[in-house]
Amino acid sequence: MTINEIQDEIIEEFSELDDWMDKYQLLIDIGSEQEPLDEKYKTEQNLIDGCQSRVWLQADYQDGVLYFSAESDALIVKGIVTLLIRVLSGHTPQEILDADLYFIEQIGLREHLSPTRSNGLLAMVKQMRRYAKVFSV
């Protein structure tokens, strides 16, 4: 699946819900489905700067493709990072760098997050793109 096909799938899932409390619950549910991050990856180096809650992001590069895994101590944030992983993991560094992450706006995520969570979301995207840039060389 392409990055855009995955984004369209997420937009459809969220469009079925009208109430933002239901959408927050969906985020929490999505996050709870994520495999816990191996303890060995919960290091200072993997902590994302700019997030109010603690978020660890691990990137693994195999056969020209980046795979992400993550963990957060906040339920909604864990759901957000899980969505980002779903969209970007399993793609080449160039695809990640070229991706327009329109699903964030389309599902109303940015406008319904507190300023600190919104900054955290941007920090997560930035870190994923940083990994992509490192591995695109």
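**A walk through the fold**

What you are looking at is a predicted model, in which local features need pLDDT of at least 70 and side-chain atom pairs count only at pLDDT 80 or more, while totals for chains, interfaces and linings use all residues. Residues are numbered from 1 along each chain as its sequence is written, and side-chain values use heavy atoms, leaving out hydrogens and water.

A search of the whole structure finds three aromatic pairs. Rings of Phe, Tyr and Trp (its six-membered ring) pair if their centres lie within 6.5 Å; planes under 30 degrees apart count as stacked, over 60 as edge-to-face and the rest as tilted. For Phe68 and Tyr131, the ring centres are 6.4 Å apart and the planes stand at 55°, so this pair is tilted. Phe68 sits in strand S2 (residues 65-72) and Tyr131 in helix H7 (residues 115-135), so that the pair links parts of the chain 63 residues apart. Helices (H or I, at least four residues) and strands (E, at least two) are DSSP runs, numbered from the N terminus.

Helix H7 deserves a look of its own. Its buried residues include Leu121, Met124, Val125 and Met128, along with Tyr131. Among the elements that cover the buried residues of H7 are S1, S2 and helix H3 (75-88), with contact meaning heavy atoms within 4.5 Å.

Now follow the charges. The structure holds five salt bridges, each a side-chain nitrogen of Lys or Arg within 4 Å of a carboxyl oxygen of Asp or Glu. Arg86 forms one with Glu9, at 3.2 Å between the closest N and O atoms. This pair joins helix H3 to helix H1 (residues 3-15), 77 residues apart. Arg86 also meets Glu13 in a salt bridge, at 2.4 Å from N to O. Since Arg86 lies in helix H3 and Glu13 in helix H1, this second pair ties together parts that are 73 residues apart in sequence. With 27% relative accessibility, Arg86 counts as partly exposed. Elsewhere, Glu71 and Lys78 form a salt bridge, their closest N and O atoms 3.4 Å apart, and both residues are buried.

Finally, visit a loop. Asp63 lies between strand S1 (55-62) and S2, and counts as exposed because its relative accessibility is 81%. Its phi is near 50°, a positive value in a residue other than glycine.

Key
Buried < 20%, exposed > 50% of the residue type's maximum accessible area, 1.4 Å probe, protein only.
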